Amino acid sequence: MYKEALRPVWAEINLSNFDYNVKQIKAKMGEDREFIGVIKADAYGHGAVMCAQVLRDNGVKTFAIATLQEAITLRKAGAKERIIILGLTPDMYADTLVEYDIMPVVCNSDNAKAINDAAAAAGKTVDCLLAVDTGMGRIGYLADDTEYAVEDVKRIAALPNVKIFGMFSHMSTADCVDKTYSHQQEAKFNNFYDALTKAGIEVPFRTLANSASIMEIPSVLFDGCRPGIILYGQYPSHEVVKAELPLKPVMQVKANIVHLKFVPADFSVGYGRKYISKKPATIATIGLGYADGYPRPYSANAKVIVNGVVCPIAGNICMDQCMIDVSNVPNVNVGDEVIVMGSDGVNSITADDIADATGTINYEITCAFGQRLPKVYVK
């Protein structure tokens, strides 16, 4: 139990494993490419400020986030590196972008003009990335409509206080075995770049590769890569070849038993009476619930590790607590450690296990655990 956590439940973040993953990724993508550390969503639940420091120690000079608030948090924590905001920023926040020296993504000359005007008022020049939609369907100039895009980008290029740093797009199926669509996106990205350069628009920097691309599509690494989930020791999907990149999980979720009760047969536990003991049982309670990111739909299949024994959750996961059937754990006591996600060296419960049982992805599991759980950093 860690007193600084202020709770008998915590997310344990192993910075040595994070450092290991960074080094493996750098070797895979090549030292000559810009490493853009994606630490949005509080570093996928792992803590952006602490993860940024490990990236910094490894020579990473560019971070990517999703919201202005995330960028401001990094700046207030002392980050001096380039920070790219991967989403679009409404005109009304242009002055905030400029104030905190954040690189915006743009795909509209009117939006770029608002940023230009804010930069001019502050006596600054702002670098920007052009967003190109090659098939994700999210944001960006439509890659197939180069006629419109070229004319609009020309208007951006003419702005005195905005400078085109480069262009980016995002892969939608790079983590699938079939890379056909990924290569179609690659072709559209290249065609869009060619259309801009033929029109006399300078685009010094290109970034397309996400985690799966870094692992399996070397032709899209270009000038910079944006590793995300692989930083945290998780693979983008079950379809990627894990042997392409050795990784170590960075987050474990642990708790201490706060209460034990010995119940008779036919005793019900939890909302909806989903657990009724078939014989006398020992029930433990931990202070972890769905408000902490432990998915309620996981209840029926959920398992934890207590003193080397895999135990089932008893009944529905509550908002702030859940119960465990520890009847098979010898000499169990209040205060004993419970591994909710992680490994004791023999047994393991992974983010993928929880995700698979609840119909989601490992990204969502780590992000959710990172929202309310106190983080304890270890090496």
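**Pockets and aromatic contacts**

In the predicted model, the lining of the largest pocket is made up of 19 nonpolar, 15 polar and seven charged residues. The space in this largest pocket amounts to about 750 Å³. Its lining comprises 41 residues, of which Lys 40, Arg 138, His 170, Asn 210 and Tyr 363 lie closest to the centre of the pocket. Two or more lining residues are given by each of the helices α2 (40–44), α9 (211–216), α10 (351–358) and α11 (362–372), and likewise by the strands β4 (82–88) and β6 (126–133).

The second largest pocket holds about 320 Å³ of space. It is lined by 20 residues, and those closest to its centre are Gln 234, Pro 249, Met 251, Gly 342 and Thr 350. At least two residues of this lining come from each of β1 (9–14), β11 (251–256), β19 (337–343), β20 (348–349) and α10. The largest share belongs to β19, which supplies three residues. By residue class, the lining of the second largest pocket contains eight nonpolar, nine polar and three charged residues.

Ten aromatic pairs are present in the structure. The pair of Tyr 141 and Tyr 148 has ring centres 6.4 Å apart and an angle of 55° between the planes, and is therefore tilted. Tyr 141 is buried, at a relative accessible area of 3%, whereas Tyr 148 is partly exposed, at 42%. An edge-to-face pair is formed by Tyr 294 and Tyr 298, with 5.7 Å from centre to centre and 75° between the planes. Tyr 294 has a relative accessibility of 0% and counts as buried; Tyr 298 is buried at 4%.

One aromatic cluster consists of Phe 18, Tyr 44, Tyr 232 and Tyr 363. Tyr 363 is also one of the residues closest to the centre of the largest pocket.

Charged side chains are placed over aromatic rings as well. The ring of Tyr 193 has the charged end of Arg 206 over it, at 4.0 Å from the ring centre. In the case of Tyr 20, the charged end of Lys 248 sits over the ring, 4.3 Å from its centre.

Definitions and conventions
Residues numbered from 1 in each chain as written. Predicted model: local features only at pLDDT ≥ 70, side-chain atom pairs only at ≥ 80, totals over all residues. Heavy atoms only, no water. 1 Å grid on protein atoms, 1.4 Å probe; cavity = no way out; pocket = protein on both sides within 12 Å on 5 of 7 lines; lining within 4 Å. Points joined across faces, edges and corners; volume = space filled by probe spheres on them. Helix = DSSP H or I, 4+ residues; strand = E, 2+ residues; numbered from the N terminus. Nonpolar A, V, L, I, M, F, W, Y, C, P; charged D, E, K, R; others polar. Phe/Tyr/Trp six-rings, centres within 6.5 Å; stacked < 30°, edge-to-face > 60°. Buried < 20%, exposed > 50% of the residue type's maximum accessible area, 1.4 Å probe, protein only. Lys NZ or Arg CZ within 6 Å of the ring centre and 35° of its normal.
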